[in-house]
Amino acid sequence: MNVRTWLIVLLLLIPGLSRAQGYAGLGGSAEGFTVPQPDYTFQFPQDHGPHPEYRIEWWYLTANLKGEDGRDYGIQWTLFRSALKPHEAEGWQSPQIWMGHAALTTPDKHYFAERLSRGGIGQAGVTAEPFEAWIDEWHMRGDDPSAVNLSANGADFGYDLQLTAKGPLVFHGQNGYSVKSADGQASYYYSQPFYEVQGLLRLPDGDVPVTGQGWLDREWSSQPLAADQSGWDWFSLSFDDGDKMMAFRLRGERSDFTAATWITADGTTTAIPDGEVAFEPLTTSLVAGRDIPVRWRVTLPTRDLDVEVSALTPDAWMATRFEYWEGPVQISGSHSGRGYLEMTGY
Amino acid sequence: MTMAVIQALASHWRAHRLQLMTLLVGLALATGLWSAVQAINAEARASYGRAADQLALGQFDELHHPNGPIPLSRYVELRRAGWQVAAVLEGPIRIQGQTVRVLGVDMVAYPALPAITQMEQSGTPPDPADMLTAPGLLLTTPALGPLLNGQTGLPPVLISDALPPDLILTDIGVAEVLLNQSGKVSHLIILPDQPGAVPPLTDIAPELDRILAREQLDTAQLTHSFHLNLSAFGLLSFAVGLFIVHGTVGLAFAQRRGMIRTLRALGVSMRRLVWLIMAELSVLAIIGGTLGLVLGFFLAGALLPDVAATLRGLYGAPISGQISLQPQWALSGLAMALGGTFLASGHALYRLSRMPVLSGAGLQAWRSAASGSWIVAIAGVAAIVGGILALLLFGGLVAGFVMVAGMLVGSALVLPYALSLVLILFQRSAKGPIAQWVWSDMRAQLPGLSLALMALLLALAANIGVGTMVSSFRLTFTGWLDQRLTSELYVTTATDQQGRDVAEWLSFQVDAVLPIRSVELAHSSGPLFLYGIIDDQTYREKWPLISASDGVWDRVIDGTAVLVNEQLARRENLWPGQSLVITPTLTLTIAGVYSDYGNPTGQAIVSMPRLDEVAPNAEARRFGIRVAPGRATELAQALREEFDLPPRAVVQQAVMKAQSMAVFEKTFVVTSALNILTLGVAGFAILTSLLTLWTQRLPQIAPVWALGLTRTELARLELLRSVLLAALTAVLALPLGLALAWALLSVINVEAFGWKLPMYLFPLDWAYLLGLTLLAAAIAAALPAARLLRMPPADLLKVFANER
């Protein structure tokens, strides 16, 4: 197992990035790391910054964008932190490893890039005040997360965007304590789903001005997955009427575990318990040699939700060292809108 | 029918077991020497290749600071500007007196290295958390493992056989602790796949030099000439071995003429016969070749440790001392054995195929091969001239070898003609019938012996040439060591501060304290070591300058000029009067060139203030101390006690010289070994030729015996003839050997190592070699002479009775 593969295995502990069955043994313990507790009080701006005493953490931003010609685009900007030991140290001695993923999806092509770094030397990290999350030249920065500049580059793409939050932070699960299995594994999880976005995409054919909506997920934990869980399907849906929904399904050997948060246009949240949201794959597409469901039916009877969610392009495959599917989606049916879908473990 | 022919052919070998053995031994020797050299080369190249692959050397462009390490902050700045670079920190550490290189890479960002991949794919992969966080893990070779494991205070050790020798591979975070270089980076490698828009390096890190991957001095390139040298020697040994094969096959064919005539008369077609003989030769070649491979394998195993020591000493190129059977040289050895057999027997086979069915079984026809003819001699002269022209027109290492080869081959071809001329002279001046018979008989023998004598000539010339080179080098090197190691004591302190204390403490007790400070610069010509000196008589009087301009030392000391070593001068063609760009901001006139043996890299000397300008942080831990020789031991003891220095930190000049000479001697162990083997093979070639001739000589000797010479007299003459021919050949070999020595010293050495050596003559060595040659010739002739002595007179009489 190579150092990088191993980083990935650490990341497999994250529900959003779980894949093979092989990681399962690692899911159980949290050797020396702090474990999330149900009655946590978030402290800002500190909690926008890193939590080295937890094993895993991320700043995960996705945005649905449109060009002036109405063409749809999606971007992803993610910074993962993975701790080898539950503390931070100066220089190369730091046990904190950072990984960045960036992607740009057009209706016919998916671009992505990946960066790795160690903490302690300043090559990557997050500061809470003023807020900056960075790895190499990629960054998300502003005085605080409510207004940030976001930029990333790959060999053949890049973007430089301004994000302004038009609503409050929202907390998932029980005030930000998000349970991930029937056995009680959990993480701290909050989001900023109300970003308005404008800026430039850099594509091989030239720069494209875009506007749209962005969604930031902040999550940290030390052992979020149950031993039998092999992968997950995660949806962030923004409906045209202003409501939003975060919903995920953790695929377990014994049973699936689902959870969702209904977010109204003013930021009021309702936690939706296990079993209420139903996910049904409608069409699969052969992507990177695997059958990936690229069209879904998602239903939530208590909200009269019955929608079809389909990928903007089926080929939104992140062929990074750890591979997964992540791309923009279109919503139709009882509600219409746009969103992002992440699928792992296929 | 085929079976019958095979049986008939095989019957010859049953009747001539010694001949069969000779043939197989000749083949085995030729193949063995050749494949030993090939095996050594293959092993060395595999080592370089492994090192390059495992460490991804020479695959990426690199960024170097022109005079020292790069601060970690610079790495981060480059990264934050988008440049995809990876940090490397390397340096030597000493463990129980052994120097080991520590290579620290940023395991997170560095491209995957095979050694790491292999370890991580093993049955018990280490926990990467242990690798990336303190105390970390050290990855090293099986040979170094026990040394490191026995050392307290080191991180745990993992063994990998996918690493070059003498190397510890570890994470950069572990390396900075081991090397005590916290926050420093030796160089950066530029990774492939840079993002689309990054600012130019000149804007963000103007002080760093970008060294392109193809410009990096790689070991394979550096040692190319050394291996070419070895290959040339291997080829020479092979050629000499083939003379044996040629002699034996010629004899066997001659002796079989009667049998072949009978077979032809019985109706066997010539075509079938030739095919069967070729098949027979192939079988013999494969058997002999296989024996040779076994021989070569063990020979290579015996020689490799010394070759490894040489390569390490000369080029710092680490190769492992273990030989492994590799198909490439095994196959090439067998192919050479087959090819060589047919080359050596082609002529005999051709003549056989042209033999008329009813021709006599006489041997005379066989011997009429006109190898002493003037046409061959002209071809020889042409080869010599061609070789010289190649060198004049093209130059370079390969042309140097072409010239040497042309000279050797050409002289060998001229040899029979030259010998026959000499013999004619002797014959003319001879008085009395016996003397006249002896000379003319020698001339008659010459064609049959000429190939063996050529082999002897080549072996002797190689011995004289290489011997002269090694001895000249030794003499020069010893003299150079005396000039270079002038200080009576050499001290290495633990820190710069301790260095200052030592210098202070010594200043009142000794004649002079000479700081030895240097910095490695990334120069356009490859790595350049810049040394700083203070003004001292020692340098003015002793330093080995091979070329100097007026007031050389004054100009160096006042900071206006620089000295360069011979390697740099020759490689870059920089001589006194020209300028050397040391750093982008410092260019100095070259005032002199000094010899610097045993060092592959460029070197330059400036005044101490100049060095401080370029590299203020250059270590100041080493000193040479001038003191009355009688006080050296006492002072060394005092220094160790006063500053609590380990014994190795204070070295006396004599010890240093002994160590240097030991390295030098190792360098030529292989050359000497190959030399002696070649001479042995040549002696063997003479023996086989004489044995071949022996069977053919009875018809000539019998009439002389019948005329009244006794067998004892004939036997004595037989010995004398062999010794005389060998002596003549040796006399002719001397100028050839000296020419070869000159070529090695002035052409090959300059190209291969970057230094030119003065040539010294060693007449005593030649006398010794001559004695050895005569002895070998006498021993080779002893067997036929003894046979003659024991031969019943009846056999000699039979010559007149038998139809021949």
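Where in chain A is the place of A:Pro45? A:Pro45 sits in the loop between α1 (3–12) and β1 (56–67) of chain A, where helices (H or I, at least four residues) and strands (E, at least two) are DSSP runs numbered from the N terminus. The model is predicted: local features need pLDDT of at least 70, side-chain atom pairs count only at pLDDT 80 or more, and totals for chains, interfaces and linings use all residues. Residues are numbered from 1 along each chain as its sequence is written, and chains are lettered from A and ligands numbered from 1 in the order in which they are written.

The peptide bond from A:Phe44 to A:Pro45 is cis, with omega near 10 degrees. A cis peptide bond also joins A:Glu129 and A:Pro130, with omega about -5 degrees. A:Pro130 lies in the loop between β5 (124–127) and β6 (131–135) of chain A. A:Asp304, although not a glycine, has a positive phi of about 55 degrees. The loop between β19 (290–300) and β20 (305–311) of chain A holds A:Asp304. With 9 other C-beta atoms within 10 Å, A:Asp304 is exposed. For this class, C-beta atoms are placed from the backbone, and a residue is buried if 20 or more other C-beta atoms lie within 10 Å of its own, exposed if 12 or fewer, and partly exposed in between.

In chain B, a positive phi of about 55 degrees occurs at B:Asn180, which is not a glycine. B:Asn180 is placed in the loop between α7 and β8 of chain B, and is exposed, with 10 other C-beta atoms within 10 Å.

Chain B contains 26 helices and 20 strands. Of the 804 residues in chain B, 43% are buried. Two residues are in contact if their C-beta atoms, placed from the backbone, lie within 7 Å. Among contacts in chain B between residues at least 6 apart in sequence, 82% join residues at least 24 apart.

The contact between the chains takes 29 residues from chain B and 25 residues from chain A. On the side of chain B that touches chain A, the elements that give two or more residues are α3, α4 (114–120), α5 (128–132) and α7 (172–178) of chain B. That side has 17 nonpolar, seven polar and five charged residues; Ala, Val, Leu, Ile, Met, Phe, Trp, Tyr, Cys and Pro count as nonpolar, Asp, Glu, Lys and Arg as charged, and the others, Gly among them, as polar.

In helix α3 (residues 72–80) of chain B, the residues B:Leu72, B:Arg74, B:Tyr75, B:Leu78 and B:Arg79 are buried. They cover an arc of only 160 degrees around the axis, which puts them on the same side of α3(B); the arc is that of the directions from the helix axis to the C-beta atoms. The buried residues of α3(B) pack against β2 (70–71), β3 (85–95), β8 (184–185), β9 (187–190) and α8 (201–204) of chain B. After α3(B) comes B:Gly82, with a positive phi near 105 degrees.

Helix α15 (residues 396–429) and helix α16 (residues 433–484) of chain B pack at an angle of about 155 degrees, with their axes 9 Å apart. α15(B) is therefore roughly antiparallel to α16(B). Axes are lines fitted to C-alpha atoms, for helices over the stretch in contact, and angles run from 0 to 180 degrees between N-to-C directions. Angles under 35 degrees count as roughly parallel, over 145 as roughly antiparallel, 65 to 115 as roughly perpendicular and the rest as oblique. α15(B) passes α16(B) in a right-handed crossing; a crossing is left-handed if the near helix is turned anticlockwise from the far one by less than a right angle, and right-handed if clockwise. The residues of this contact of α15(B) with α16(B) divide into 15 nonpolar, six polar and one charged.

B:Arg443 is found in α16 of chain B and counts as partly exposed, with 17 C-beta neighbours inside 10 Å. Leaving aside neighbours within four places in sequence, B:Arg443 is in contact with B:Ser420 and B:Leu423. The C-alpha atoms of B:Arg443 and B:Ser420 are separated by 6.2 Å, the two residues being 23 residues apart along the chain.

Helix α17 (residues 496–506) and helix α22 (residues 632–643) of chain B pack at an angle of about 135 degrees, with their axes 12 Å apart. This makes α17(B) oblique to α22(B). In this pair, B:Gln498, B:Asp501, B:Val502 and B:Trp505 of α17(B) meet B:Leu639, B:Glu642 and B:Phe643 of α22(B).
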